[in-house]
Every structure is written in C-alpha cells, then in structure tokens.
Amino acid sequence: MQTAKDYLHIFLDMGDALLNSGAEIFRVEDTLNRMGYACGATHMNVFVITSSIVITMEFPGDGARTQTRRIHEGGGNDFTKLEQLNDLSRRFCSHPVSAGELRKEFERINAEKPKPFWKLLGSVLAASSFALFYGGTIPDAIAAGIAGILIWGLQKYLRPVCMNEVTFQFVASFLTGCAICGFALLCPFLHMDKIMIGDIMLLIPGLMSTNAIRDVLIGDTLSGIIRLIAALLLAAALALGFMGAIILFGRLGL
Amino acid sequence: MTTTVIQLITGAIGSVAFGLLFHMKTKYLSLAAAGGFFSWLVFLFGKGLWGNVFLPALLAGFIVDVYAEILARVCKETSTSFFVTSVIPLIPGSTLYYCMSSIVEGNTIQALEYGRDTFLFAFGIAAGMSIAWAICYFLRSVKGR
C-alpha cells in the first residue's frame, strides 16, 4: 500500500519542474490536486506561489502529511518539457502507478535539456526580426543579430555567476547597450534606436508582466503581485543598463 | 502599406524565434508563426478602428487566446505554449525604449506618455486573455455538467 510519504516528494519535484517550465500557478495546483486524488488520497491541499509549494495529503488510515518546497529558480519557459509533464500527469490520473515508477518517468523527462544551438538561433532571429519590425534596415537587423549572440553568451555564461536576476539584467543590458553604441559609433549609417529595440525584446520581462497581471485577474493575487514587482524591477534594471550605456557614449561624444 | 507587410512577416518570424528560445516542438513552429502574424493583424485592425493602445491590445489578447485554446483542443497540448509565442509581437519593447530615451533627454512628459503606453499594452493583453480564459472555463464547466 502506497502512502503519502512515498508520493509527497515526487509531487513536489513535479510541481517544481512544472513551475520552472512556464506553467501557470492554477495549472500547477490543479495538476497536483488531480494526481493526489488519483492515487487514492482522501484529502489534498495544494498551495502554490511563485516561490513556494505546500502540499498536504491525507490517506485513509494514515494521518495528514505536509511538505513544503522553496522554489529558487526564476520561471523559465520550456514548452516541450511542460507538454511531457502534462502528458505524464494525465496518464498518471487515468492509470495511477507506484511512486517509484512515477519518479523513473519524471527523471527521464527532466534529464532532457534543450540544445544550446536552438537558443542561439532563436536569439539572433528574434533580435534581427524585431529590429526590422520596428522600422530598421537590413544592416540594423544584422547588427541586432550580432548583439543577440552577445546576449545569448551572457545568458549562458554570466547568469550562473550573477548574484540574482536583477543584477544580471543590469549587467547584460549595460554590456549590450555599450556594444550597440559601439556599432553605431563605427558605422554611422546604423540606427541605434532600432537595434536597441530589437535586443530589448530579448531581455524585456514583457511575458512576465503579462503573466503577473493575468494571475491577479484570475484570482492568484499573491503570485501575481510577487511576479509584477519582479517584472518591474527587471524592467527598471534593463532601462538603467541601456540608459547608462547611452549616457556613457553620449559623454564620449557620440 | 509596405511597413505593414514587413511588420506582419517579421512579427511571424519573431514568434518562431521565441518558439525556438522556449523549446517549442518543431512541428508547432508554423502555428506560432501564424499566431504572430494573426495577433499583429488584429492589433492593427483594432488600432485603425479605435486609435489608441488599450482596446486594440485587449482585442488582440482576446483573439489570440481563443486561437490558442482552439489549437490546444485540436493538438491536445497546453494552450500556454501557443498563447505565449503568438503574443510576442505585441510585447511593448519599443515604447519602453522610447520612454527610456525620453528620460535620458530630460523630456519627462513624453517619458510618462510612453511609460503609460507600455503599461497599457501589458494590461490590455492580460485583460483580453483573462476574459477569453474565463469564457472558455465557463463553457467547459457547462459542457461537463
């Protein structure tokens, strides 16, 4: 007979992975609730905010058990993983398996990492296309693409050693801004504003703020507010970084 | 006219690029492109009709979420992945930049205007998608009963 003790840990791991692959708060809560009832719990209480998960499970004949998990990573997006986790939970709900088997399947999904090459291609393509989108020329798009490579490199190598997301955002924006100002200084025919907008699209916490407002509107007020404040801080750090670069180069006589 | 065409095409490419960044399945990338194209088209249509930022963004957010929900049913996937990639061209990157450059130039009034637009964009999209989400939830629970 499986009990709460066996399931709680894997459920927390799944909730963690769901949050970090871009699932909404209500989706995580809903998924964990369903999975709990599917494996025979009489009561499930799941509370999720962006930085913590609390699960209480009650099995017949076995008292209630609670475990919490602090979530440290900021929410990234990995839709393939999200899809696979969703599929796993759906299969689990129709055919509950033991905690050990669930863990095996989960580990298999979690081990898969997206290829860095696709991220590089995505960064370059996004920066170039948005430079064109906002009225830049082809050389602008190419310069934005080169700065996109820089952002990709910073995200891969600098982010792990940065104190937190806001610091990274500031440093990355400042360095990218300096690089773009340098391009514009060397090639006067480039439009600095269009290139910067293209690269801002890669760093801007636009999805984060949209998600935050949506969380508030559909009832997860607390998570929404946490996310909104984080998004505002990130946007401010981004603006400060680019502004710092513009002012620095302005002083140098651009 | 040419700017519109360029924007529609590059918006679609931008959506695909973010699909790659967010590790979307390769077979759905064409749907992301269609979503990006569609969302900017709806936004431009709304802008022609009402002329400001909030209502067009709301309409675009609404339509895109309906599009994502339909695709989610058809492909048996989560609607989030379709919604997030389709909504990318609406992200207010340019207004944030112009807000920032106005601050650098010392033009506070213009900075406030751009800052307000940035916020209204985000709020409009989120409100539109929440309305669509609420309607879909309602329909689902009526059907389930």
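## A buried aspartate

A residue is called buried when its relative accessible area is under 20%, exposed when over 50%, and partly exposed in between, with a 1.4 Å probe and protein chains only. By that rule Asp215(A) is buried, because its relative accessible area is 0%. This is a predicted model, in which local features need pLDDT of at least 70 and side-chain atom pairs count only at pLDDT 80 or more, while totals for chains, interfaces and linings use all residues. Residues are numbered from 1 along each chain as its sequence is written, chains are lettered from A and ligands numbered from 1 in the order in which they are written, and side-chain values use heavy atoms, with hydrogens and water left out.

Asp215(A) is found in helix α9 (residues 206-217) of chain A, where helices are DSSP runs of H or I with at least four residues, numbered from the N terminus. Neighbours within four places in sequence aside, Asp215(A) is in contact with residues including Ile25(A), Asp220(A) and Arg227(A), contact meaning heavy atoms within 4.5 Å.

## Helix α2 of chain A

Ile25(A) is also one of the buried residues of α2(A), among them Arg27(A), Glu29(A) and Met35(A). The helix covers residues 25-38 of chain A, and its 14 residues should span 20 Å at 1.5 Å a residue, which agrees with the 20 Å between its end C-alpha atoms; the expected span is 1.5 Å times one less than the number of residues. After α2(A) comes Gly40(A), with a positive phi near 105 degrees.

## Aromatic pairs

Over all chains the structure holds 22 aromatic pairs. Rings of Phe, Tyr and Trp (its six-membered ring) pair if their centres lie within 6.5 Å, and planes under 30 degrees apart count as stacked, over 60 as edge-to-face and the rest as tilted. The pair of Phe170(A) and Phe174(A) is stacked, because the ring centres are 6.4 Å apart and the planes stand at 15 degrees. Both residues lie in helix α7 (residues 165-186) of chain A, 4 residues apart, about one turn of the helix.

In chain B, Tyr97(B) and Tyr98(B) form an edge-to-face pair, 5.4 Å centre to centre with 75 degrees between the planes. Tyr97(B) counts as buried at 4% relative accessibility, whereas Tyr98(B), at 23%, counts as partly exposed.

## Where the chains meet

The contact takes 44 residues from chain B and 48 residues from chain A. Between them the chains bury about 4,300 Å², 76% of it on carbon and sulfur atoms, buried area being the accessible area (1.4 Å probe) that two parts lose on being put together, summed over both.

Technical notes. Helix = DSSP H or I, 4+ residues; strand = E, 2+ residues; numbered from the N terminus.
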